[in-house]
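Subject: Structure for you to look at

Hello,

Here is the structure I promised to pass on. Please open it and keep it beside this email as you read.

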Amino acid sequence: MKFNQSNIKKAKKYLDRNYCIGVPTETVYGLAANAYSHQAIKRIFRLKKRPKSNPLIVHYSNISDLKKDCILNKKFRKLYKKFSPGPITYILNLSKSSKISKIVTNNNKSLAVRFPKHRIFKRLLSKLNYPLAAPSANIFSKLSPVQASDVKEDFGNKIKYILDGGKSKIGLESTIIDIRKEPKILRLGGLEVSKIKKILGGKIKININPKKIFSSGQSRLHYSPGIPLRMNVTKVKKNEAYLLLKKRKKNHANYFYLSKKNNLKQAAKNLYSSLRKIKNKGYKSIAVEKIRNIGIGQSINDRLKRASKF
Ligand code: TXA
Ligand code: MG
């Protein structure tokens, strides 16, 4: 995607007026608005039809801006150095002087923060004097968007502008880690947990299915294509779409490929767009072949499992 100065200006114009816009990130597209403005943040919740109890992730372009709103610690610095900008979100404590709208956190004292890697989004952030709250740009519990046209599909003319940055490279949401005390993974995502483990050492709790559902990404009915989905399928039914990890010799009209050569990264990138394509073609159900539960495969399986609860 070509870098376009005038598009960034346009995006900034809407954001400065507290409107929401679609933004590209390396994980999925976001629905962004000024994190310091109550009015802007209310608009995000209204547009997404998102429960107020689900706090938002705030996106920064550098640490010195983050310091104004959050209390940083050693674990954060270690992980930041290695993985940011990139597909990891940190839960930190808000600082007393923080200007983040209380609606972002639903009055909680912690904040989810992320440094996105997409160069157009980074460029946009560097032009603003406030950070951007941005949940994934989909209606609550629907499939996440990985390109501008997906955002358009959910919101149409209800949002003022979508900054087009091509297809998201990673295709799955960021991995969320709470590092206020003992490290705890709250959502599997674009960054593999084993890589985080290597940097932090010791044990990392995985708490992706808590009894009390707090995080929308932890909700069971989530990431849903809106039609039933079965996992680990070896025999596809008639009229069912079959989602596969590698090309078959014999092709069928109902075969869809996440990757040509059994590549998990590529499969992650293509997951949401494949599910969307199948749904839009009018299939009434989806069968997915077994996906290796290693590395990013764990994040793919996490999303499929939640989608299968439809
Ligand atoms: O990759 C991503 O993270 C994308 C892009 C746009 O950056 N954003 C994204 O946002 O996935 P969203 O709102 O769809 O998911 C954010 C998740 C939610 O599950 C929310 O409940 C959780 O982060 N969250 C936000 N603040 C939190 C906090 N203080 N403690 C625990 N979880 C939090
Ligand atoms: Mg989401």
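One caution comes before anything else. This is a predicted model. Keep that in mind throughout.

Start at strand β5, residues 88-94. It is mostly covered, with 5 of its 7 residues buried. Strands of a sheet pair through backbone hydrogen bonds, either parallel or antiparallel. Which strands does β5 pair with? Take them in turn:

- Strand β4 (residues 70-71) pairs with β5 in the antiparallel sense, over 2 bridges. Here Cys70 stands opposite Leu94 of β5.
- Strand β6 (residues 110-114) is also antiparallel to β5, and 5 bridges connect the two. Asn93 faces Ser110 of β6 as its opposite residue.
- Strand β9 (residues 175-178) runs parallel to β5, with 4 bridges between them. Tyr90 has Ile177 in β9 as its bridge partner.

**An open sheet of 4 strands**

Now move along the chain. An open sheet is built from 4 strands, in the order β12-β15-β13-β14. Their pairing is parallel. Which strands sit at the edges? They are β12 (229-230) and β14 (255-257), and each pairs on one side only. Look inside the sheet next. Strand β13 (residues 241-244) and strand β15 (residues 286-288) run parallel and are joined by 3 bridges. One residue pair to find is Tyr242 with its bridge partner Ala287 in β15.

**Salt bridges**

Side chains of opposite charge can pair when their charged atoms come close. How many salt bridges does the structure hold? The count is 11. Three of them are worth a look.

First, Asp65 and Lys68. Their side chains meet in a salt bridge at 3.2 Å, N to O. Both residues lie in helix α3 (residues 63-69). They are 3 residues apart, about one turn of the helix. Are they buried, exposed or in between? Asp65 has a relative accessible area of 25%, so it is partly exposed. Lys68 is at 47% relative accessibility, so it also counts as partly exposed.

Second, Arg230 and Glu240. The closest N and O atoms of this salt bridge are 2.9 Å apart. The pair links distant parts of the chain, 10 residues apart. Arg230 is in strand β12, while Glu240 is in the loop between β12 and β13. Arg230 counts as partly exposed because its relative accessibility is 29%. Glu240 has 2% relative accessibility, so it counts as buried.

Third, Asp302 and Arg306. Their closest N and O atoms are 2.8 Å apart. Both residues lie in helix α10 (residues 296-307). They are 4 residues apart, about one turn of the helix. Asp302 counts as buried because its relative accessibility is 7%. Arg306 is at 5%, so it counts as buried too. This pair belongs to a network: salt bridges with shared partners join Glu173, Asp302, Arg303 and Arg306.

Lys13 lies in helix α1, residues 5-16. Its relative accessibility is 36%, so Lys13 counts as partly exposed.

Best wishes

Note on methods:
Residues numbered from 1 in each chain as written. Chains lettered and ligands numbered in written order. Predicted model: local features only at pLDDT ≥ 70, side-chain atom pairs only at ≥ 80, totals over all residues. Heavy atoms only, no water. Buried < 20%, exposed > 50% of the residue type's maximum accessible area, 1.4 Å probe, protein only. Pairing = 2+ DSSP bridges. Salt bridge = Lys/Arg side-chain N within 4 Å of Asp/Glu carboxyl O.
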